[in-house]
Amino acid sequence: MQTLVLANQKGGVGKSALACQLAYHLARAGKRVLFVDLDHQGNSTKALLGHPKTSPCAFSATHLLEGRGGMAPEAALALIGADSGLSGLERRPSGHNGFVEALRAFLVCATDRYDVCVIDTNPNPDIRYAAAMIAADHVLSPIQLNQEAIDGIGALFNHARYGLGKIKATFNPNLNFMGILPNLVEPTPFQRNNFAQIVRHFPQHLLEIQSMPKLFALIQKRSVIAEAQASGQFVADMRKTAARDTWREIKPVLDLIARKLSKEA
Ligand SMILES: Nc1ncnc2c1ncn2[C@@H]1O[C@H](COP(=O)(O)OP(=O)(O)OP(=O)(O)O)[C@@H](O)[C@H]1O
Ligand SMILES: [Mg+2]
């Protein structure tokens with residue numbers, strides 16, 4: 001099992017939407033997928049529960065981190081859902097090491113039952129975010145093409161407590177930074193200029209989707225994606241022209257992520 005965390009300290013960049021669409025896609029491709037929602041907002045949980053293929057676990061993500069979770073069912077798409085208790089974990093510092101260990105031990109036990117574990121995280125990093133980064137194999141960071149996001153790329157690596165540098169050096173040397181994925185991209189000169197800045201300063205962190213000529217992966221802002229997420233649907237299953245067009249755009253990006261996960265398996 002390979003574990004992928006969707007992480008960005010900024011809110012609203014598409015972590016949950018991309019995590020859910022990736023999970024549906026992997027499950028449809030025959031992978032056994034375990035989804036863990038560590039964000040008490042529960043946006044992914046709500047979306048996934050709306051999808052008929054999701055098998056919810058009997059315990060929540062808080063129970064999992066407290067070491068009170070059971071075993072997740074063998075299923076094409078199993079969900080350990082978010083609950084309101086998640087936001088209180090940060091205020092229990094004496095439990096923090098235990099939360100990290102519980103998540104790590106749970107994933108070790110689950111390793112033969114699933115092919116991929118997708119973990120959605122909260123913005124504003126805390127112990128849940130840290131636990132996910134410490135237990136995971138890969139991190140993918142959706143971003144929006146605004147100046148704060150570009151400034152935030154530095155924080156993603158260098159944040160004193162939760163930066164990738166610190167996590168790798170101290171806790172998880174094998175953590176692979178899969179890359180930055182621009183999302184909610186709009187064809188404006190402002191965004192184009194911001195994208196060009198990222199290509200100039202951080203080309204090694206973008207996902208190369210084509211080599212000749214070199215093209216980097218990105219996902220456009222498409223109302224179908226928001227609609228799919230709001231109604232618990234997989235974009236590939238939606239029956240309208242806009243959905244087919246959007247699926248044609250995002251499938252190569254999800255396939256690229258899937259390939260990067262299976263290459264490591
Ligand atoms: N490419 C896209 N096109 C259109 N809408 C999108 C796209 N990606 C995400 N959205 C929508 O944008 C909103 C924010 O996305 P999402 O909730 O996935 O962000 P998030 O990073 O998980 O936010 P938070 O940090 O609050 O958890 C949602 O309504 C989602 O459906
Ligand atoms: Mg989210």
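At what angle do the axes of helix α6 and helix α8 cross? In this predicted model, the answer is roughly 15 degrees, with the two axes coming within 10 Å.

## Two helices side by side

Helix α6 covers residues 147-158 and helix α8 covers residues 189-201. Angles under 35 degrees count as roughly parallel, so α6 is roughly parallel to α8. Their crossing is right-handed.

So who does the touching? On the α6 side, the contact uses Q147, I150 and I153. On the α8 side, F190, N194, Q197 and I198 take part. Sorted by class, that contact has four nonpolar residues, three polar ones and no charged ones.

## Salt bridges

Charged pairs turn up elsewhere: the whole structure has eleven salt bridges. One of them pairs R28 with D237, with the closest N and O atoms 2.8 Å apart. R28 sits in helix α1 (residues 15-28), while D237 is in the loop between α9 (223-231) and α10 (241-264), so this pair ties together parts 209 residues apart in sequence. Both ends are partly exposed: R28 has a relative accessible area of 48%, and D237 has 32%.

D126 and R128 form another salt bridge, again with 2.8 Å between the closest N and O atoms. Here D126 is buried, at 7% relative accessible area, and R128 is buried too, at 4%.

R68 and E66 meet through their side chains in a salt bridge, 2.6 Å from N to O. R68 is exposed, with a relative accessible area of 54%, whereas E66 is partly exposed at 25%. Shared partners join E66, R68 and R92 into one salt-bridge network.

Definitions and conventions. Residues numbered from 1 in each chain as written. Chains lettered and ligands numbered in written order. Predicted model: local features only at pLDDT ≥ 70, side-chain atom pairs only at ≥ 80, totals over all residues. Heavy atoms only, no water. Axes fitted to C-alpha atoms, helices over the stretch in contact; angles between N-to-C directions. Helix = DSSP H or I, 4+ residues; strand = E, 2+ residues; numbered from the N terminus. Parallel < 35°, antiparallel > 145°, perpendicular 65-115°, else oblique. Left-handed = near helix turned anticlockwise from the far one by under 90°. Contact = heavy atoms within 4.5 Å. Nonpolar A, V, L, I, M, F, W, Y, C, P; charged D, E, K, R; others polar. Salt bridge = Lys/Arg side-chain N within 4 Å of Asp/Glu carboxyl O. Buried < 20%, exposed > 50% of the residue type's maximum accessible area, 1.4 Å probe, protein only.
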